[in-house]
Number of protein chains: 2
Amino acid sequence: MKKVFFFAAALLFGVIASAQFAGMQRGQQVEPPPEGYKPSSCNTFLSQYPAVNAQTRQAMFRVVAPTARKVQVDLAGKRYDMTKNDKGIWTCISDPQVVGFHYYSIWIDSVAVMDRNTEAYFGSNWESSGIEIPEGQEGDYYRFNKNIPHGQIRSIQYWSEINGMERHCNVYVPAEYEQNPAMKYPVLYLLHGWGEDENGWSNQGHTANIMDGLIASGKAVPMIIVMDCGDIKTNPDVRTASGTLTDIFIKDLIPFIDKNFRTKTDRQNRAMAGLSRGGMQTTTTVFNNMDKFAWMGTFSGFFMGGMGARPAAGAAQAPSISQQIETAFNGVFKDAAAFDKQINLLFISTGTEERNPKETVEALKAHGIKHIVFHESQGTAHEWLTWRRALNDFAPRIFK
Amino acid sequence: MKKVFFFAAALLFGVIASAQFAGMQRGQQVEPPPEGYKPSSCNTFLSQYPAVNAQTRQAMFRVVAPTARKVQVDLAGKRYDMTKNDKGIWTCISDPQVVGFHYYSIWIDSVAVMDRNTEAYFGSNWESSGIEIPEGQEGDYYRFNKNIPHGQIRSIQYWSEINGMERHCNVYVPAEYEQNPAMKYPVLYLLHGWGEDENGWSNQGHTANIMDGLIASGKAVPMIIVMDCGDIKTNPDVRTASGTLTDIFIKDLIPFIDKNFRTKTDRQNRAMAGLSRGGMQTTTTVFNNMDKFAWMGTFSGFFMGGMGARPAAGAAQAPSISQQIETAFNGVFKDAAAFDKQINLLFISTGTEERNPKETVEALKAHGIKHIVFHESQGTAHEWLTWRRALNDFAPRIFK
């Protein structure tokens, strides 16, 4: 009967038709990018744009906006004016970029929007577009390697009493976790930066690929990595309360993880690290809970004394580094030998193209602290390649 | 030293400053929505809009676009014109909506963009905004319940020989999976619809909440659910090849899952279901591999004979239902007793507000097929509440 056909056809083609105009705007099934350019690996499938040139490290963008008056791409701190052709399609090509991941926005007249042809990456507190500038061999460590065993990223919901609601975190377990049902593992708690969320390390950071490689090659010991959200997703009352993140970690998250995963629960088998503001949260949490952590890392986010280095009211300037070493974090650095006895590793990293804490690190070393490692990512700024490299350098150093 | 302070301050405030203008556009830290309206549960944290009214089931939207000439919201097939105030903020309130999840877009002049204040949901082949109209008690089954044990959604990358690249799928394991390291479980393969991806069932569908509830209450047996992508994320050559999805499932995915999860591997312990086009893919896959599946579900997507119900070239009309029963899917329905011997359950569901396959279901029953269950979702169309209800009704019927 015709009805059956119409039913099937209406369902299938009705859905497609309603999306037809929108479909014209997608970078799919359109003319392929010019020679030398390939779709970025961040693109959703079928999307030809943005396209990246591995040789020149430039990116080409495309937006369909027939009646817009001004369309721009906002990438790595620069706005590029796009040029419209007679079909209402705007394009532009960027300057050469640092390899790795970058957020970007499209400005349609007065509005910063997401380019819907890439996967969504949470950054600056909202959903953003992303682009990946391809790297040569160096990038191998953060790409999927089909020839080694793979761990899993587990999406976990848990109840937080402090938050008064469920929370979401991602937990990486190493490939062997499933094969060794009696084995217990050390745990690294790993935080993203300001405006990002618990998916940052999995999506932007490629944590699973990095760790799979480090563990398969024997460089890192098999470990569990817990990636929670540093911005507390709850009502503002709780969120703005001081020390809330540390409280949630200590009272809700760590007990939950230790109950639901096969973890080693002593401090020698628990580490914490974070990037940018996650580095501040790491120092706050670890230095206030020295009985619970023995390893720590701050990637592009080591702040002496948190924000305590601000000039005191009425003071002419901030305290000197040596003053800070005496007082920061309630004097945790004051007795260098005592610090080294507690903390097996304080890993401090940065990119060479961002503000550099080298002077502070040198002062801490001169003060007698031995368990410091300082890592610089050459040629990178406050961006994800800096942090992929930091994790790749940090993870082999812990739990052994 | 000042440098340390400046370093910390520049890092923290620099990041914030560069996002400041964009920040003004976010629906965060702005005036709260009017009385009766609350932020939608799909919003990213801090975002006040869109806001939903549980009583009237209306949604209020907000966009900051000072120089745009026309701003609209596209929701459930209707475009709403937004009104601008003297600050360049556009708002509108929708008609009453069906409860549950809806995709929507914002039109800025000629461009359909995503509202970046909601989580990103992949639909219509690109990243979309979503809104959740709250439900009363009925919605309990798809909300997080802190009083029961929770399964995990595992994010899995695996190598596909057919695809020639890595693929990503999500795997739900029941809460008890970790506690019973020797236990094996049946597996449901569950597909999304056209233009969506492997995250649809987790994000839009709340599969974990639904299954946690069904299993905790004893209504469904503990099972593994594998959610892969029905749109094949690879180069167009492979993607357009006929039967590729079935091939990937049979040759790559199922062997991978059976190797890496504790599965029962006989056909009595393997089911497949899908929504909309995923229903078509389910019939194609199951009916061509009857040695591998014994249970199946098609949610809003039962197509007799696939698209084979099209009139033959030169024929006046499509074949009648009884003709189709003889020939569809190489005659799988022809011998009703043989069908029932192979298939324990053919679950066919639909919403009452979309095209209804009731006539076909009745004909199949009249033909003698007994293992059919027909489920109607009252008052819903081709949308996620229909499919949450379908899963909630389907899952308790399989593997027992």
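This is a predicted model: local features need pLDDT of at least 70, side-chain atom pairs count only at pLDDT 80 or more; totals for chains, interfaces and linings use all residues.
Helix 7 of chain B is itself mostly covered, as ten of its eleven residues are buried.

Asn289(B) lies in the loop that runs between helix 7 (277–287) and strand 17 (295–299) of chain B. Its relative accessible area is 11%. Asn289(B) is classed as buried because this value is under the 20% cut-off.

When residues up to four places away in sequence are left out, Asn289(B) touches Thr246(B) and Ile250(B).

## Two domains in chain A

Chain A is assigned two domains. Domain 1 covers 37–134, while domain 2 is made of 140–307 + 318–397. Taken over C-alpha atoms, the centres of domain 1 of chain A and domain 2 of chain A are separated by 31 Å.

The two domains of chain A meet at an interface in which twelve residues of domain 1 are in contact with 15 residues of domain 2. Between them, domain 1 of chain A and domain 2 of chain A bury about 1,100 Å², with 50% of this area on carbon and sulfur atoms.

## Polar and charged pairs at the interface

One salt bridge is found across the interface of domain 1 of chain A and domain 2 of chain A. Arg388(A) and Glu132(A) form a salt bridge in which the closest N and O atoms are 2.6 Å apart.

On the side of domain 1 of chain A that touches domain 2 of chain A, strand 8 (100–108) and strand 10 (121–123) of chain A each supply at least two residues. The largest share of this side, four residues, comes from strand 8 of chain A. By class, the side of domain 1 of chain A that touches domain 2 of chain A has six nonpolar, five polar and one charged residues.

Definitions and conventions:
Residues are numbered from 1 along each chain as its sequence is written. Chains are lettered from A and ligands numbered from 1 in the order in which they are written. Side-chain values use heavy atoms; hydrogens and water are left out. Domain bounds come from an automatic or database domain assignment. Contact means heavy atoms within 4.5 Å. Buried area is the accessible area (1.4 Å probe) that two parts lose on being put together, summed over both. A salt bridge is a side-chain nitrogen of Lys or Arg within 4 Å of a carboxyl oxygen of Asp or Glu. Ala, Val, Leu, Ile, Met, Phe, Trp, Tyr, Cys and Pro count as nonpolar, Asp, Glu, Lys and Arg as charged, and the others, Gly among them, as polar. Buried means under 20% relative accessible area, exposed over 50%, partly exposed in between (1.4 Å probe, protein chains only).
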